[in-house]
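Here's a quick briefing to read alongside the model. Have the viewer open and follow along.

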Amino acid sequence: MALKVFSIPALPRVNNGAARMLPVATTLLAALISVLPVRIPGYAALTPVFTLMAAYHWTIYRPDLLPPLALFGIGLAEDLLAGSPIGVNALLLLLTRTAVLGYRRYFINRTFPFVWTGFTLLTIGALLAMWALHCLLSLAFLDFRNTVIRAALTIAIFPLASFLLGRAQRAVMGAG
Amino acid sequence: MIRLSPQVRTTIQRTTLPILVLLSAAIVVLGKADQLLFDSVRTAVTDTVSPVLDALSRPLTAVGNMIGRVEMMASTYQENARLQAENERLLQWQQTALNLAADNQQLRGLLKAIPESAVSYVTARVIANSGGAYVRMILINAGSDDHVGRGQAAITGEGLVGRLTEVGNRAARVLLITDLNSRIPVTIEASHVNAVLAGDNSERPRLLYLPSADSVKVGDRVVTSGEGGVFPPGLPIGVVGAIDAAGPRVEPYVELSQVGYVLVVDYGLSRFLPQPPQAMARTNRRTKSPGEDDAITR
């Protein structure tokens with residue numbers, strides 16, 4: 001995978017405009033995909049957290065091209081489009097960045113299962129926090145089952161998302 | 001462009017993330033404290049993005065329709081037999097309905113009853129849903145440009161889908177009857193008992209404020225009561241599906257996750273009704289543009 005090419009601290013310089021846009025564009029696309037009306041029974045409640053996948057991937061491999069301001073904007077846009085309490089997704093994406101940046105050096109140059117394990121831990125933490133926050137915001141004990149299934153789906157789909165993002169990264173940035 | 005010294009730039013880069021985290025947290029709290037604060041932003045963003053969502057959702061709608069068509073083809077024979085039987089039964093009902101309509105009109109004439117206001121329909125396509133475990137909403141591609149207004153009912157042929165809570169120029173948001181914040185005054189048709197249908201984000205909303213536990217039984221039809229004035233009385237919602245520890249739950253007639261199109265119905269009610277506090281606050285907030293609300297209630 002394209003995941004072994006970048007090493008801390010120096011990221012290869014990217015001058016190509018399309019390549020610089022790629023992380024922001026794919027994360028924005030992830031936000032749009034998550035609100036598309038897929039007509040599968042129960043899908044709406046269990047939609048995987050696509051933006052989390054993109055934010056995780058890019059924060060590990062190109063944190064310079066997915067700056068906090070972009071995460072903030074995309075998170076807010078997702079909240080506004082989905083009609084969910086405003087700010088929650090922005091907070092989630094920014095905290096994801098904070099968490100992943102702290103451990104980034106452990107993920108670089110590692111095999112995919114290692115990266116996936118990291119994502120699994122992140123997803124469990126993030127969705128648990130999100131559930132707690134939503135309970136607090138609606139002052140009610142919300143059903144936990146959907147959150148569990150949603151986390152499982154998100155973790156299960158991550159390899160595919162990571163593969164596609166890695167492919168796009170190699171194709172556009174010409175590395176790997 | 002201003003040239004910043006490397007130190008200043010590093011400081012800015014270091015502090016952006018924590019500042020934005022705090023800002024997001026502040027927005028979460030503010031958005032909770034004043035639910036109307038971000039409403040206009042929400043409407044504006046939704047309106048702007050709706051053409052994109054419209055385009056992206058088209059293939060999904062097409063696939064959904066195609067699957068429906070294939071399913072129909074597979075069951076054509078049984079479906080035909082069933083429909084013929086149903087048609088015979090409905091023809092008898094049609095006669096009954098015609099007789100009743102004639103009777104009704106005559107009696108209304110005798111009573112000098114005020115005729116019910118005309119109903120207008122707008123058909124809209126679902127272009128987005130809430131995508132998450134915590135809200136049940138859909139976005140439709142009709143807005144105030146199409147004479148769709150806040151508070152109107154979104155229905156399908158089977159029954160009630162929800163209520164329009166936010167209307168932009170090109171798109172509107174429908175709060176589904178299953179959402180945590182949805183409260184609809186209903187009547188249990190068999191016993192004429194009134195209750196409130198309360199969503200809890202599950203697929204089957206609950207019935208609240210029933211006078212007694214035995215006033216409903218499984219299989220009872222639940223329709224809008226018309227109280228509170230948001231909906232006209234008699235809109236079908238669903239049947240009582242099961243009675244568990246939390247009380248009776250209603251199985252909606254509409255398969256909400258499968259809805260591709262909705263009818264937005266203007267029963268002409270919104271203008272006679274006391275505005276809910278939320279809507280009132282919104283009207284006050286927008287006194288600067290009086291034409292706007294007129295356009296919506298038209």
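Start in chain B of this predicted model, where strand β4 (residues 160-167) runs antiparallel to strand β5 (residues 172-176), with five bridges joining the two. That pair belongs to a six-stranded barrel, and chain B also touches chain A.

- On average, neighbouring strands here are turned by 45° against each other, if you ignore direction.

**Where the chains meet**
- Contacts link 41 residues of chain A with 41 residues of chain B.
- On the chain A side, α2 (43-46), α4 (68-82), α5 (88-107), α6 (112-138) and α7 (145-173) each put in at least two residues.
- The largest share comes from α4(A), with eight residues.
- Sorted by class, chain A's side has 25 nonpolar, twelve polar and four charged residues.

- Mean pLDDT for chain A is 87, and 93% of its residues reach 70 or more.
- Among the chain's elements, helix α3 (residues 50-61) of chain A has the highest mean, 94, while α2(A) has the lowest, 85.
- Residues 1-7 of chain A have pLDDT below 50, and this stretch has 20 contacts in the model beyond near neighbours in sequence.

Methods
Residues numbered from 1 in each chain as written. Chains lettered and ligands numbered in written order. Predicted model: local features only at pLDDT ≥ 70, side-chain atom pairs only at ≥ 80, totals over all residues. Pairing = 2+ DSSP bridges. Helix = DSSP H or I, 4+ residues; strand = E, 2+ residues; numbered from the N terminus. Axes fitted to C-alpha atoms, helices over the stretch in contact; angles between N-to-C directions. Contact = placed C-beta atoms within 7 Å. Nonpolar A, V, L, I, M, F, W, Y, C, P; charged D, E, K, R; others polar. pLDDT = per-residue confidence, 0-100.
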